[in-house]
Amino acid sequence: MRKIGSHTVTAAVRELLVDANISLSESVRDVLAAAEKSEESLQGREVLGDLLRNAAIAEEQQLPICQDTGLAVVFVEVGQDAHIIGGDLYEAISEGVRQAYREGYLRKSCCHPFTRKNTGDNLPPIIHTKLVPGEAVKITVMPKGGGSENCSEVRMLVPSQGKEGVKAFILDMVTRGGPNPCPPIIIGVGVGGNFETSALLSKEALMRPLGVRNNDPEIGALEMEVLEAVNRTGIGPQGYGGTVTALDVHIELLPCHIASLPVAVNIQCHAHRVRSVVL
């Protein structure tokens, strides 16, 4: 049994959230740079260049990439032979979020649904936990902005709609979202399971590195097919028109009930903020 102090969890969450909000990962920058070269629209190329310059300034001056520093979404994989000591795991994560948004000078965007009164510390975080083999604890943070999240949806299709129905749903979400999720976007899609698991699956799909296809060749081919269709919509970077509306499409599947075809589409903006650490 390996012991991990709760203070270690707090420090990791704090560091991950601050870093995710300030430094755009090198892999995302590389994809944006490639998109700038391939974009056929002059305005689209200018926008992509601006996004890259914005990322460079943010890192140089240690400022957030975007004013919307998001709700803190935290995925935790806890090894069954790991033991958190010195405090509660969820409290440790929450304290890390509190410190990150206070000491990192990140905008606190969490409020009461009806009164809209701000919670003042960006709490509570959205925490998803899995028990896995081993004695390590893996923490992945995804500070999720409101603009992209607002353009996401779960839809219960009927089985007869099949693969074509899934494709049509994704394109419908992208078209209706237009410039609102700040394209170029990354599209996470969860197919199967049930209502709630499809939504979680779509967000987990966003954690896969850009350019990495699903292990199932058929689904990997579907990802590329949907990506090409999305980029034919003409929405383009920030909605100014062009050939780069999405940087990638990730699809994950689970078996589902014979009478159902649950599908969730979770949109991510160009500021693809995902960070992980293994304790």
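Modeller: Helix α6 (residues 162-177) and helix α8 (residues 217-231) have axes that come within 10 Å and cross at roughly 35°. This is a predicted model, in which local features need pLDDT of at least 70 and side-chain atom pairs count only at pLDDT 80 or more, while totals for chains, interfaces and linings use all residues. Residues are numbered from 1 along each chain as its sequence is written, and side-chain values use heavy atoms, with hydrogens and water left out. Helices (H or I, at least four residues) and strands (E, at least two) are DSSP runs numbered from the N terminus; axes are lines fitted to C-alpha atoms, for helices over the stretch in contact, with angles from 0 to 180 degrees between N-to-C directions.

The crossing of α6 and α8 is right-handed, that is, the near helix is turned clockwise from the far one by less than a right angle. In α6, the residues Lys163, Lys167, Ile170, Leu171 and Val174 meet residues of α8 that include Glu218, Leu222 and Val226; contact means heavy atoms within 4.5 Å. By class, the contact of α6 with α8 has 7 nonpolar, no polar and 4 charged residues (Ala, Val, Leu, Ile, Met, Phe, Trp, Tyr, Cys and Pro count as nonpolar, Asp, Glu, Lys and Arg as charged, and the others, Gly among them, as polar).

Among the residues making the contact are Val9, Val13 and Leu17 of α1 and Leu89, Ile93 and Val97 of α4. The contact of α1 with α4 divides into 10 nonpolar, 5 polar and 3 charged residues.

Val9, Leu17 and Ile93 are also among the residues that touch the most other members of the largest nonpolar core, which has 27 residues. Such a core is a set of buried Ala, Val, Leu, Ile, Met, Phe, Trp, Tyr and Cys residues joined through side-chain atoms within 4.5 Å, buried meaning under 20% relative accessible area (1.4 Å probe, protein chains only). α1 gives the most to this core, with 7 residues.

Pro125 lies in the loop between α4 and β4 (126-132) and, at 10% relative accessibility, counts as buried. Leaving aside neighbours within four places in sequence, Pro125 is in contact with Ala72, Ile93, Ser94 and Val97.

Terms used
Buried means under 20% relative accessible area, exposed over 50%, partly exposed in between (1.4 Å probe, protein chains only).
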